[in-house]
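Visitor: I am new to this structure and would like to be walked through it. Could we take it one topic at a time?
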2 protein chains.
Amino acid sequence: MNLILLHPQELTDQHATLTDRRAEHIRKILRGTVGDMVRVGVLGGLLGAGCILEMDGNRVVLEVHLATEPPGFPATDLILAVPRPIMLKRVLAQAASMGVSRIFLINANRVEKSFFSSTLIQNNDFTEPLCLGLEQAIDTKMPEISVHPRFRPFVEDFLPELLADCPIRLLAHPKGDQSIAQAAGCLLGQRAVLAIGPEGGWVDFEVQRFKEQGFAPFSLGARILRVDTAVPALLAQLSLLRQLAAPVSWRQ
Amino acid sequence: MNLILLHPQELTDQHATLTDRRAEHIRKILRGTVGDMVRVGVLGGLLGAGCILEMDGNRVVLEVHLATEPPGFPATDLILAVPRPIMLKRVLAQAASMGVSRIFLINANRVEKSFFSSTLIQNNDFTEPLCLGLEQAIDTKMPEISVHPRFRPFVEDFLPELLADCPIRLLAHPKGDQSIAQAAGCLLGQRAVLAIGPEGGWVDFEVQRFKEQGFAPFSLGARILRVDTAVPALLAQLSLLRQLAAPVSWRQ
């Protein structure tokens, strides 16, 4: 936890009272005492500092001073065939830590049907894994998440409108005959969307539907990666391609 | 498991008898029956096919035909400050799936001392997590692993000899003032080593020692990543830089 992340409703007159794992982190890991400053941020808002005003039992009261914008809003969306629940939590935290705008959790032929009845998906509340990622990366911008249990309506009906502002469309596919650099072209100032399939990959029907929506299939090479390796690997490669297109802004 | 990985001593006259999770995978996931072919590989050796000769109870007998070389030997080494045991297992599997030659597990100021007394490190047997990675990626080349509980002798005494053939030396460090592309320069045909620090990063003393050994500090940007995100992200960026230096061979 590199950031104490507050929900906007927890702030009253620049004060926040914490009693959960964030208070525990301040006490046990940061070993904070009254008067110390900790790094805070407000979900969807600014970053700043919190001065520890009071500590007793498991309660920590902070006086919060917000000052700076979080990192630039990420220009990448992620389409992800739903993995098993434990993997989904991990991948959502990874994606939030690396920075994506929107995550579309979709069905596909090789997604196990039971994954859609997991508690995480059924409750449609991804706040916890996403906040873990934001706290890690010192960011406050939560990716938007939507769940799409039917593949074809998602790709044919929703995607065209959703991705109207997103010219770079990439489909990770072991049988792709080009690299991500070739498929992406020049990313300079362009939004990109990256689609990552289930274990076992997309079936031909799905690849065709994505292609009809302008997605370029690309391959990572001969190696098949698990989704918790593929997601950070591909987001990092997109990020590097953006840096190389605009080296001045690589810190964003 | 995209590959049934055999140890060389399991092969007798081109036959192997399996009774463990590999047999279970063939029965339950691949739903194999007698006469079916499954993809096999021999640790440190060739890839090929296994024909199911017999199946009974939890036992599967394969007739093995080896034919092709695994993917090219990876030209990247990894120096990793030891993370907590559960994370170490995950990261070793990730690294093996992405392909590295050698992994040096080292101590650092911000590594918790208890991590070195974990069963995994004490037993000095990393076969299981590494095999998981190789089975995932369809590779047979196990990275060499060594454990170095003392930072300074490792960097000052061992590194110069170990890395004599490794001109590209990269140190992930949030305070680095260049990107990985700038730090790496041209990777064409060159071995690279990547050093990734503990949660909380390297301390200044450690950065200085690495610099004295020719390591170039670089930063991933403003975001701080967990080690199971940073390792695939950075190995993927190195791999992309290699592709861009030699686009023809990107499938390797």
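**A walk through the model**

Guide: We may begin with Asp13(B), which is placed in the loop between β1 and β2 (15-18) of chain B. Helices (H or I, at least four residues) and strands (E, at least two) are DSSP runs, numbered from the N terminus. This is a predicted model, in which local features need pLDDT of at least 70 and side-chain atom pairs count only at pLDDT 80 or more, while totals for chains, interfaces and linings use all residues. Residues are numbered from 1 along each chain as its sequence is written, and chains are lettered from A and ligands numbered from 1 in the order in which they are written.

Visitor: Is Asp13(B) buried or exposed?
Guide: Asp13(B) counts as exposed, because it has 7 C-beta neighbours inside 10 Å. A residue is buried if 20 or more other C-beta atoms lie within 10 Å of its own, exposed if 12 or fewer, and partly exposed in between, with C-beta atoms placed from the backbone.

Visitor: What is its phi, roughly?
Guide: Asp13(B) has a positive phi of about 50 degrees, although it is not a glycine. In chain A, Asn124(A) has a positive phi of about 55 degrees and is not a glycine either. Asn124(A) is placed in the loop between α3 and α4 (127-137) of chain A, and it is exposed, with 10 other C-beta atoms within 10 Å.

Visitor: And Ser118(A), where is that?
Guide: Ser118(A) is in the loop between β7 (102-106) and α3 (119-123) of chain A. It has 15 other C-beta atoms within 10 Å and is therefore partly exposed. Its C-alpha atom is separated by 20 Å from that of Gly200(A), and the two are 82 residues apart along the chain.

Visitor: Let us turn to helices. How many residues of α4(B) are buried?
Guide: Nine of the 11 residues of α4(B) are buried, so the helix is mostly covered. Among them are Pro129(B), Leu130(B), Cys131(B) and Glu135(B).

Visitor: What covers them?
Guide: The cover of the buried residues of α4(B) includes β1 (4-6) and α2 of chain B. Two residues are in contact if their C-beta atoms, placed from the backbone, lie within 7 Å. Just after α4(B), Ile138(B) takes a positive phi of about 60 degrees.

Visitor: At what angle do α5 and α7 of chain B cross?
Guide: The axes of α5 (residues 151-162) and α7 (residues 204-212) of chain B come within 9 Å and cross at roughly 15 degrees. That makes α5(B) roughly parallel to α7(B). Angles under 35 degrees count as roughly parallel, over 145 as roughly antiparallel, 65 to 115 as roughly perpendicular and the rest as oblique. Axes are lines fitted to C-alpha atoms, for helices over the stretch in contact, and angles run from 0 to 180 degrees between N-to-C directions.

Visitor: Which residues meet there?
Guide: From α5(B), Phe151(B), Arg152(B), Val155(B) and Glu156(B) meet Glu206(B), Arg209(B) and Phe210(B) of α7(B). By class, the residues of this contact are three nonpolar, no polar and four charged. Here Ala, Val, Leu, Ile, Met, Phe, Trp, Tyr, Cys and Pro count as nonpolar, Asp, Glu, Lys and Arg as charged, and the others, Gly among them, as polar.

Visitor: Now the two chains. How many residues does each give to the contact?
Guide: Chain B gives 30 residues and chain A gives 30 residues. On the side of chain B, α2 (85-98), α4 (127-137) and α8 (227-245) are the elements that give two or more residues. The most come from α8(B), with nine residues. That side of chain B has 14 nonpolar, 11 polar and five charged residues.

Visitor: Why do the copies meet through the same surface?
Guide: They do so because 100% of the interface residues of chain B are also interface residues in chain A.

Visitor: Which residues does Ala236(A) contact?
Guide: Leaving aside its neighbours within four places in sequence, Ala236(A) is in contact with Ala233(B), Ala236(B) and Gln237(B). Ala236(A) is in helix α8 (residues 227-245) of chain A and counts as buried, with 25 C-beta neighbours inside 10 Å.
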